[in-house]
Amino acid sequence: LARQLVDLLPFKLTKAQIKVIKQIADDMKSNTPMNRLLQGDVGSGKTIVALIAMLIAIDNGYQAAFMAPTEILAEQHYKTLAAFLSNLSVNDRLLVGNQRTKLRDDILEDIRRGSAQIVVGTHALIQEQVAFAKLGFVVIDEQHRFGVEQRAALRAKGNNQTPQPDVLVMTATPIPRTLSMTLYGDLDVSIIDEMPTNRQSIKTILKIESQRSSVYQFIKEQVKQGRQVYIVY
């Protein structure tokens, strides 16, 4: 499945992505559970790297879980993964808190049976009633939004199997290597330091309080052009 996906991609993986995939694959071959931090800017291609790793786990008879901090982000990841998987025989499910009881029960049963091969969700993934048949790979997006206990709780869904599930945590926050060892001393670090070709540049701009009116004006102009604006407090 992993090879099929790579062959079907409408773009070529970057050298940095290939390097990181090899690091992850080498970890997955080990008898020691993987604990790896994947760092890369927005748009660097972390999600496709995570998906290829999840497919390697599925190729070896395991399930994979992908946990995001909010329902909006979980749904976004689910749609992204579903698009990549559209031509592959992979059963991917979305588990979030606001689903209807009948749908939720169907998803939980799918997970218990093992027919749900990739499960994308929020904290709902670590609730007591969630029981994986054979969890082998865990992806946690926006690592800083989760605590160590939550990461451990998701790994524990592997039902004390041997070896325990491999864990890949992802962040777009630039973290110097020395600081990353302080914050995530139990994690190996992989960095995607190359952006895909033709990728739009990401601009980060700091404005101060006295410039608030100009920021609002900029927002109005962007909305008029059909773009979206997110305001986070």
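This is a predicted model: local features need pLDDT of at least 70, side-chain atom pairs count only at pLDDT 80 or more; totals for chains, interfaces and linings use all residues.
Student: Why is K22 called exposed, while D26 is called partly exposed?

Tutor: Exposed needs over 50% relative accessible area, and buried needs under 20%. K22 has 55%, so K22 is exposed. D26 has 35%, which lies in between, so D26 counts as partly exposed.

Student: How do you know that D26 and K22 form a salt bridge?

Tutor: The rule asks for a side-chain nitrogen of Lys or Arg within 4 Å of a carboxyl oxygen of Asp or Glu. For D26 and K22 the N to O distance is 3.1 Å, so the pair qualifies. As for where they sit, both are in helix α2, 4 residues apart, and about one helical turn separates them. In general, side chains of opposite charge can pair when their charged atoms come close.

Student: What makes R36 and D27 a salt bridge, and are these residues buried or exposed?

Tutor: Their side chains meet at 2.7 Å, N to O. That value is within the 4 Å limit, so the pair counts. R36 and D27 are both buried. By this rule the model has 9 salt bridges.

Student: What about D110 and R113: why is one called buried and the other exposed?

Tutor: D110 has a relative accessible area of 6%, under the 20% cut-off, so D110 is buried. R113 reaches 51%, over the 50% cut-off, and therefore counts as exposed.

Student: What makes the charged residues around D110 a network?

Tutor: Salt bridges there share partners, and in this way R93, D106, E109, D110, R112 and R113 are joined into one network.

Student: Let's go inside. Which residues touch the most other members of the largest nonpolar core?

Tutor: They are I24, L51, M54, L55, I118 and F137, out of 39 residues in that core. Elements giving two or more residues to this core include α1 (2-8), α2 (15-29), β2 (63-67) and β4 (118-121). The element that gives the most is α3, with 10 residues. Another core, of 21 residues, lies apart from this one, with L95, L108, L154 and L187 among its members. In soluble globular proteins, nonpolar side chains tend to be buried together.

Student: What does I118 touch, leaving out residues up to four places away in sequence?

Tutor: Its contacts include L51, M54, I58, A64, L81 and L85, and also V90, N91, D92 and R93. In β4, I118 and V120 point one way, V119 and G121 point the other way, and all are buried.

Student: How do you know that β2 and β4 pair?

Tutor: Pairing requires at least two bridges, and β2 and β4 have 4, so they pair, in the parallel sense. F66 stands opposite V120 in β4. Strand β3 (residues 92-95) also pairs with β4 in the parallel sense, over 4 bridges, and R93 has V119 as its bridge partner in β4.

Student: One last point: what makes Y233 exposed, and which nonpolar patch holds Y233?

Tutor: Y233 has a relative accessible area of 88%, over the 50% cut-off, so Y233 is exposed. Y233 lies in the segment after α8 (212-224). Together with Y216, V223, V229 and I231, Y233 forms a nonpolar surface patch with about 570 Å² of accessible area.

Technical notes: Residues are numbered from 1 along each chain as its sequence is written. Side-chain values use heavy atoms; hydrogens and water are left out. A nonpolar core is a set of buried Ala, Val, Leu, Ile, Met, Phe, Trp, Tyr and Cys residues joined through side-chain atoms within 4.5 Å. Buried means under 20% relative accessible area, exposed over 50%, partly exposed in between (1.4 Å probe, protein chains only). Contact means heavy atoms within 4.5 Å. Patches are made of residues with over 30% relative accessible area and no salt bridge: like charges are joined within 9 Å, nonpolar side chains (Val, Leu, Ile, Met, Phe, Trp, Tyr) within 5 Å. Accessible areas come from the Shrake-Rupley method with a 1.4 Å probe; for residues, only the protein chains shown count as cover.
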